[in-house]
Amino acid sequence: MFMNGAGGDNVEYQKNKRMTVEMLGSILDLAALTKHKIVFVGSESDWAVTLEGVRDLEDCATPIIGDIRDCLYVMSNAKMIVANDTGLYHAATTMKVPVMVSDRVPNRPNGLPSVGIKSANKSIEYVSEREWKGVLLSHTKKLAINSYI
């Protein structure tokens, strides 16, 4: 399961916060290698912006949009959550699900460090854009076939 949110009105901040096209492509690669079903959770605008980057996601990902209860239910039953620093990511850190999160935004618009992505949950991996694909694909052996990511 993945999320690619970026709230607020600061367009440059949103652009820097979201996953890149290459990062999103890695999610498709993982799904193809493992036969996983991809689920996207977030808002309609998050889904639309994500599809602008990688149109192929529309054919292979199921979006769960609009109802926070549905999103949280799917998240709690996922084999793995792949995310950027977004509101639903913070909810994911409270679940007993492995989480891989992008560390793309070192500073928030107010100039303060983005320490909000840190969590005591030991199943969270903080991954740089440079290492993203390698770390994501390293999970192919850990994940069961035909489960949700």
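**Surface, fold and nonpolar cores of the predicted model**

The accessible surface of the protein chain amounts to about 7800 Å², and carbon and sulfur atoms hold 54% of it, areas being computed by the Shrake-Rupley method with a 1.4 Å probe, with only the protein chains shown counting as cover for residues. The structure is a predicted model, in which local features need pLDDT of at least 70 and side-chain atom pairs count only at pLDDT 80 or more, whereas totals for chains, interfaces and linings use all residues. Residues are numbered from 1 along each chain as its sequence is written, and side-chain values use heavy atoms, with hydrogens and water left out.

Of the 149 residues in the protein chain, 47% are buried, a term that denotes under 20% relative accessible area, with exposed meaning over 50% and partly exposed the range in between (1.4 Å probe, protein chains only). Among contacts (heavy atoms within 4.5 Å) with a separation of 6 or more, 63% involve residues 24 or more positions apart.

Strand β1, spanning residues 38–42, has 5 of its 5 residues buried. In a regular strand, side chains alternate between the two faces of the sheet. In β1 both faces are covered, with I38, F40 and G42 buried on one side and V39 and V41 buried on the other. This strand runs parallel to β2 (residues 61–65), to which 5 bridges join it, pairing requiring at least two DSSP bridges between two strands. Within this arrangement, V41 is placed opposite I64 of β2.

The largest nonpolar core contains 22 residues, and those with the most contacts inside it are F2, I27, L57, V82, W132 and L136; such a core is a set of buried Ala, Val, Leu, Ile, Met, Phe, Trp, Tyr and Cys residues joined through side-chain atoms within 4.5 Å. At least two residues of this core are supplied by each of α2, β1, α3 (44–53) and α7 (132–137), and the largest share, 6 residues, comes from α2. Another core, of 19 residues, lies apart from the largest one and includes I64, V74, Y89 and A92.

The loop between α1 (11–17) and α2 (21–34) contains T20, which counts as buried because its relative accessibility is 13%. Leaving aside neighbours within four places in sequence, T20 is in contact with R104 and E129.

Key. Helices (H or I, at least four residues) and strands (E, at least two) are DSSP runs, numbered from the N terminus.
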